[in-house]
2 protein chains.
Amino acid sequence: MSLRVVGVDPGLTRCGLAVVDVSASRLVELVDVTVAGTPPGTPLDARLLAIANAIDAWLDTHKPDVLAIERVFAQVNVSTVIGTAQVTGIVITAAARRGIPVALHTPTEVKAAVTGSGQATKAAIGKMVAKICRLDEPPKPADAADAVALAIAHAWRGAAAGSNASASAASSSGSRQLTTAQRAWIAAEASAKHRAARR
Amino acid sequence: MSLRVVGVDPGLTRCGLAVVDVSASRLVELVDVTVAGTPPGTPLDARLLAIANAIDAWLDTHKPDVLAIERVFAQVNVSTVIGTAQVTGIVITAAARRGIPVALHTPTEVKAAVTGSGQATKAAIGKMVAKICRLDEPPKPADAADAVALAIAHAWRGAAAGSNASASAASSSGSRQLTTAQRAWIAAEASAKHRAARR
C-alpha cells in the first residue's frame with residue numbers, strides 16, 4: 001500500500017518535477033525527478049507551452065494519486081511571482097483535467113515537514129531529501145530537490161494537513177474531497193502507526 | 001480583409017472573453033462576448049479547469065488570428081493577482097497550443113487606444129466600446145466591455161505596438177513573428193490609410 005505523489009516546484013526558468021512512492025510506514029521511494037523550463041530569452045507563450053507539455057507528459061507517465069505544489073504569495077519575489085503563478089495555473093489545470101487532487105503547501109510547511117525547521121536552508125533540505133530517499137547526494141539543481149521535498153512533505157503531513165485546492169472552500173466542516181487511493185492510504189498509515197506504537 | 005482578434009480580461013471570478021473582426025479601415029464588428037468564471041467558494045482546481053474549458057471552446061469556435069490579453073502586474077491588487085496570473089498562464093498556453101500569437105497590453109494602453117485617455121473610467125470605456133461597435137449600450141458586466149476594449153485596442157494600435165508574448169525577447173532588432181494573416185492585414189491597413197489620405 002503506497003501513495004504516489006507528484007511534487008512540483010513551479011517556475012518559468014526551472015520547474016522542478018518529482019514523483020515519490022510513500023508507504024504507509026513512511027518509507028519514501030524516489031521514482032523520478034527532473035527539471036522542466038526554458039531560458040529567459042524565449043518568448044513567453046513558448047515557455048508556458050513547453051512547461052505545459054512537460055507536466056502533461058509527467059502526469060500521464062507517472063499517474064499519481066495526488067499532486068502537491070508550492071503555494072505562491074504575491075508579497076515575495078515580485079519580479080518572478082507572475083511567471084511562477086502562471087506556471088501554477090497550468091500545473092493545477094493539468095491535474096484537474098485528469099481528476100488528480102491538488103494540494104498547496106507553503107515553503108515553510110515543506111521545510112518543517114522535511115527538516116524539522118521552517119527556516120531550513122536549501123542545503124539542509126537537499127541533505128534531508130538525500131537521506132530520506134537513500135541517495136548518495138541531493139538531487140540537483142535545488143529546484144529538483146525542492147520538488148522531491150514537496151512530495152515527501154505532502155505524504156508525511158498527511159492528507160489532513162496542508163490546504164487542498166480540490167477541497168471546497170465552502171465546506172466549513174473541514175471535510176475534504178479525498179480520492180479512494182488517499183482514503184485507503186490514510187487508513188493504512190494509521191494502522192502502521194498503531195503497529196509501531198505496539199512494538 | 002479583416003483581422004479577427006480575441007480579447008481576454010483575465011480573472012478567476014469573472015474572465016471577460018470577446019471576439020471582434022476589425023477591417024483594414026478600422027471598422028469594428030463585435031462577433032461575440034461572454035464572461036467565464038466561477039464563484040469564489042468553488043475549489044481552485046475546479047475554477048481553473050472551468051476557465052480552461054471556456055477558453056479552449058472560445059478559441060476553437062472563433063479561430064482568431066491573434067489573442068490580446070491584459071498584462072498583469074504584481075504591484076497592484078495583491079489579493080487577486082495570483083489568481084489572475086494563473087488564469088493568464090492558462091489562456092496564453094491555450095493560444096500557444098493552437099499556434100495563435102499572443103499580445104500583452106497594459107490597462108493604460110487599452111484605455112488610451114479606445115478613449116484617448118490612459119486614465120479613463122470604466123464607464124467611459126464602456127461607452128466608447130458601445131459607440132465603436134455600434135451597440136445600444138455597453139456590454140455588461142464591465143469585464144465583458146474590458147475584453148472588447150482589449151481586442152479593439154490591439155487591432156487599432158497595430159501589430160507593431162504592444163508587447164508581443166510570441167515575439168522573441170532575444171530579437172533586439174524589434175522584428176516580430178507575425179502570422180501571414182497579420183502581415184496581410186497590416187498591408188491592407190496601410191493601403192486603407194493611404195486611400196483616406198488621398199481623399
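Where is Thr42(B) found? Thr42(B) sits in the loop of chain B between β3 (28–36) and α1 (44–62).

## Before we start

This is a predicted model, in which local features need pLDDT of at least 70 and side-chain atom pairs count only at pLDDT 80 or more, while totals for chains, interfaces and linings use all residues. Residues are numbered from 1 along each chain as its sequence is written, chains are lettered from A and ligands numbered from 1 in the order in which they are written, and side-chain values use heavy atoms, with hydrogens and water left out.

Back to our opening residue. Thr42(B) counts as partly exposed because its relative accessibility is 24%. The scale works like this: buried is under 20% relative accessible area, exposed is over 50%, and partly exposed is in between (1.4 Å probe, protein chains only). Thr42(B) and Thr13(B) are 29 residues apart in sequence, and their C-alpha atoms are 9.8 Å apart in space.

## The plan of chain A

Chain A has six helices and six strands. Of the 199 residues in chain A, 51% are buried.

Contact means heavy atoms within 4.5 Å. Take the contacts in chain A between residues at least 6 apart in sequence: 64% of them join residues at least 24 apart.

## Two copies and one axis

Two copies of a chain are related by a rotation about an axis and a shift along it. Here, chain A is superposed on chain B by a rotation of 180 degrees with 0.0 Å of shift along the axis, and the RMSD is 0.0 Å. The two copies are therefore related as by a two-fold rotation axis.

Which residue of chain A comes closest to the rotation axis? That is Gln86(A), with its C-alpha at 2.2 Å. The copies meet through the same surface, because 100% of the interface residues of chain A are also interface residues in chain B.

## Where the α2 helices cross

Two packed helices are described by the angle between their axes and the distance between the axes. Helix α2 (residues 78–97) of chain A packs against helix α2 (residues 78–97) of chain B at an angle of about 65 degrees, with the axes 7 Å apart. These axes are lines fitted to C-alpha atoms, for helices over the stretch in contact, and angles run from 0 to 180 degrees between N-to-C directions. The crossing of α2(A) and α2(B) is right-handed, a word used if the near helix is turned clockwise from the far one by less than a right angle, with left-handed for anticlockwise.

Among the residues that meet here are Val81(A), Ala85(A) and Ile92(A) in α2(A), and Val81(B), Ala85(B) and Ile92(B) in α2(B). The residues of this contact divide into 10 nonpolar, eight polar and no charged. For this count, Ala, Val, Leu, Ile, Met, Phe, Trp, Tyr, Cys and Pro are nonpolar, Asp, Glu, Lys and Arg are charged, and the others, Gly among them, are polar.

Now look at Gln86(B), which is in helix α2 of chain B. Gln86(B) counts as buried because its relative accessibility is 6%. Not counting residues up to four places away in sequence, Gln86(B) touches residues including Gln86(A), Gly89(A), Leu44(B) and Leu48(B).

## The nonpolar core

A nonpolar core is a set of buried Ala, Val, Leu, Ile, Met, Phe, Trp, Tyr and Cys residues joined through side-chain atoms within 4.5 Å. The largest has 52 residues, and Ile55(A), Leu67(A), Ile55(B) and Leu67(B) are among those with the most contacts inside it. Leaving aside neighbours within four places in sequence, Ile55(A) is in contact with Val8(A), Leu17(A), Leu67(A), Ile90(A), Val91(A) and Ala94(A).

## Details in the backbone

The peptide bond from Lys140(A) to Pro141(A) is cis, with omega near -5 degrees. Pro141(A) lies in the loop of chain A between α4 (122–133) and α5 (142–157). Arg134(A), in the loop between α4 and α5 of chain A, has a phi near 60 degrees, a positive value in a residue other than glycine.

Conventions
Helix = DSSP H or I, 4+ residues; strand = E, 2+ residues; numbered from the N terminus. Least-squares fit on C-alpha atoms with pLDDT ≥ 70 in both.
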